[in-house]
Amino acid sequence: MSEPVLQVDPALPREERYAALLKIAPSVLHDSPDWTACMATSVTLLATHLPEFFWIGFYRVIEPSLLAIGPYRGTLGCLTIPFSKGVCGKAAREGRTVLVPDVTKFEDHIACDDASKSEIVVPLYDREGHLIGVLDVDSERVEDFEDDDKEALEKFAGTMREALHRELSDDE
Ligand code: SME
């Protein structure tokens with residue numbers, strides 16, 4: 001089976017690249033055997049469509065209140081993040097997307113890399129509503145994320161959730 005070749009023009013407006021991402025993602029991620037496979041493939045999908053972001057990756061829930069690094073693209077990420085700390089911890093703790101326009105104004109920001117100037121973290125749920133982890137995207141530009149990014153990345157997280165449950169949805 002051959003995978004589709006990803007060709008995305010980085011000069012297109014981000015909105016159009018999100019549309020292309022959300023169009024192709026269901027078929028690429030469909031029938032993901034587990035979350036690691038789905039996250040690893042998602043990193044490439046996201047990085048191909050959104051090359052302007054220097055860090056794109058996942059943190060996974062490995063204990064009731066602890067995240068550990070998952071598949072990512074970028075400079076070295078912190079290995080673990082407790083739910084009590086950072087933007088990732090806040091998104092996991094509160095179960096909602098956290099958008100930070102300027103990381104210097106977010107007291108609890110964990111600077112894995114000083115290049116990060118703005119950040120968005122989206123929680124990931126399985127179909128039963130359990131928190132699996134978070135998607136973290138970092139930019140070298142201040143105020144690089146808006147509501148459109150939040151909406152598109154939350155839709156992407158929904159596509160990941162659906163992609164992992166083919167057997168369940170086929171039985172329904
Ligand atoms: N800045 C994040 C930590 C993860 S890195 O950005 C890869 C945070 O405050 O949770």
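Begin by colouring the strands: six of them form an open sheet in the order β3-β2-β1-β6-β5-β4, with antiparallel pairing (two strands pair if DSSP finds at least two bridges between them). Strands of a sheet pair through backbone hydrogen bonds, either parallel or antiparallel. At the edges stand β3 and β4, each with a single partner strand, so one side of each is left without a neighbour in the sheet. From one strand to the next, the twist averages 25° (axes are lines fitted to C-alpha atoms, for helices over the stretch in contact, and angles run from 0 to 180 degrees between N-to-C directions).

Before going on, note that this is a predicted model, in which local features need pLDDT of at least 70 and side-chain atom pairs count only at pLDDT 80 or more, while totals for chains, interfaces and linings use all residues. Residues are numbered from 1 along each chain as its sequence is written, and side-chain values use heavy atoms, with hydrogens and water left out.

Now show the whole chain as a cartoon. The chain has five helices and six strands, where helices (H or I, at least four residues) and strands (E, at least two) are DSSP runs numbered from the N terminus. Followed from the N terminus, the elements run α-α-β-β-β-α-β-β-β-α-α. Of the 172 residues, 46% count as buried (buried means under 20% relative accessible area, exposed over 50%, partly exposed in between, with a 1.4 Å probe and protein chains only).

Next, select β1 (residues 55–63) and β2 (residues 66–73). These two strands run antiparallel and are joined by six bridges, and the bridge partner of Y59 in β2 is I69.

The structure holds three aromatic pairs; rings of Phe, Tyr and Trp (its six-membered ring) pair if their centres lie within 6.5 Å, and planes under 30 degrees apart count as stacked, over 60 as edge-to-face and the rest as tilted. The rings of W55 and Y59 have centres 6.1 Å apart and planes at 20°, so this pair is stacked. W55 and Y72 also form a stacked pair, with 5.0 Å from centre to centre and 20° between the planes. This second pair links distant parts of the chain, since W55 lies in β1 and Y72 in β2, 17 residues apart.

Is W55 buried or exposed? At 6% relative accessibility, W55 counts as buried, and Y59 is buried as well, whereas Y72 is partly exposed, with a relative accessible area of 29%.

Then select helix α3 (residues 86–94), where seven of the nine residues are buried, so this helix is largely enclosed by the rest of the structure. The buried residues are G86, V87, C88, G89, K90, A91 and A92. They pack against β1, β2, β3 (80–82), β4 (98–100), β5 (118–125) and β6 (131–139), where contact means heavy atoms within 4.5 Å. Just after α3, look for G95, which takes a positive phi of about 65°.

Finally, select helix α4 (residues 147–163), which lies across β1, β4, β5 and β6 and runs at about 30° to β5.
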